[in-house]
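Subject: Handover of a structure

Dear colleague,

Please find the structure below, handed over for your use.

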Amino acid sequence: MKTLRILTILLLLFNGTGALFGGWSLITDPTGQDLHLPGELLEHSPFKDFFIPGIVLFTAIGIFSLIVLFWMTMQWKHYPILLIIEGLLVTGWIIIQMIMIREISYLQFVFMGIGIFFVLAGRKMRIDN
């Protein structure tokens, strides 16, 4: 259980800080040029630029990952449920991203795997608590 906990903490930190950075970059430069994202990625989406996706990435993935990390390190009640929710958010974010941009990258599978890991880890921690 200790190894699962440490791995989960590290992945929440990685996921949260990366989403904060990426989301903030998209908010401050909605063209996506700072992150070398071509505008054509959005042609099959309802968005004209990356501003709204940046806000969602920054808050739902970035801030929420760090909130879950804090709750988990404090071992507050219900942190496994928050971890499951974060896993569903990450997985949903990637699935919607793949549908909207119609391109697939190995990084999407990495982050989808992280999301699924959060769901399974949260379930295991919920059972064990």
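The count of salt bridges comes to one, a salt bridge being a side-chain nitrogen of Lys or Arg within 4 Å of a carboxyl oxygen of Asp or Glu. Please note that this is a predicted model, in which local features need pLDDT of at least 70 and side-chain atom pairs count only at pLDDT 80 or more, while totals for chains, interfaces and linings use all residues. Residues are numbered from 1 along each chain as its sequence is written, and side-chain values use heavy atoms, with hydrogens and water left out.

The salt bridge joins Asp 128 to Lys 124, with 2.9 Å between the closest N and O atoms. Both residues belong to helix H4 (residues 106-128), where they are four residues apart, about one turn of the helix. Helices here are DSSP runs of H or I with at least four residues, numbered from the N terminus. Asp 128 has a relative accessibility of 40% and therefore counts as partly exposed; the scale sets buried at under 20% relative accessible area, exposed at over 50%, and partly exposed in between, with a 1.4 Å probe and protein chains only. Lys 124, at 42%, is likewise partly exposed.

Turning to the aromatic residues, the structure holds five aromatic pairs. Rings of Phe, Tyr and Trp (its six-membered ring) pair if their centres lie within 6.5 Å; planes under 30 degrees apart count as stacked, over 60 as edge-to-face and the rest as tilted. One of the pairs is formed by Phe 14 and Phe 111, which are stacked at 5.9 Å centre to centre with 0 degrees between the planes. This pair links distant parts of the chain, since Phe 14 is in helix H1 (residues 2-28) and Phe 111 is in helix H4, 97 residues apart. Phe 14 is partly exposed, with a relative accessible area of 47%, and Phe 111 is partly exposed at 23%.

Another pair consists of Trp 24 and Phe 58, which are tilted, with 5.9 Å centre to centre and 50 degrees between the planes. Trp 24 lies in helix H1 and Phe 58 in helix H2 (residues 51-74), so this pair ties together parts that are 34 residues apart in sequence. Trp 24 counts as partly exposed at 48% relative accessibility, and Phe 58 counts as partly exposed at 21%.

As to helix packing, H1 and helix H3 (residues 79-101) pack at an angle of about 45 degrees, their axes being 13 Å apart. Axes are lines fitted to C-alpha atoms, for helices over the stretch in contact, and angles run from 0 to 180 degrees between N-to-C directions. H1 and H3 are therefore oblique to each other; angles under 35 degrees count as roughly parallel, over 145 as roughly antiparallel, 65 to 115 as roughly perpendicular and the rest as oblique. Arg 5, Thr 8, Leu 12 and Asn 15 in H1 meet Tyr 79, Leu 83, Glu 86 and Val 90 in H3, contact meaning heavy atoms within 4.5 Å.

The axes of H3 and H4 come within 7 Å and cross at roughly 160 degrees. H3 is therefore roughly antiparallel to H4.

Yours sincerely

Technical notes
Helices (H or I, at least four residues) and strands (E, at least two) are DSSP runs, numbered from the N terminus.
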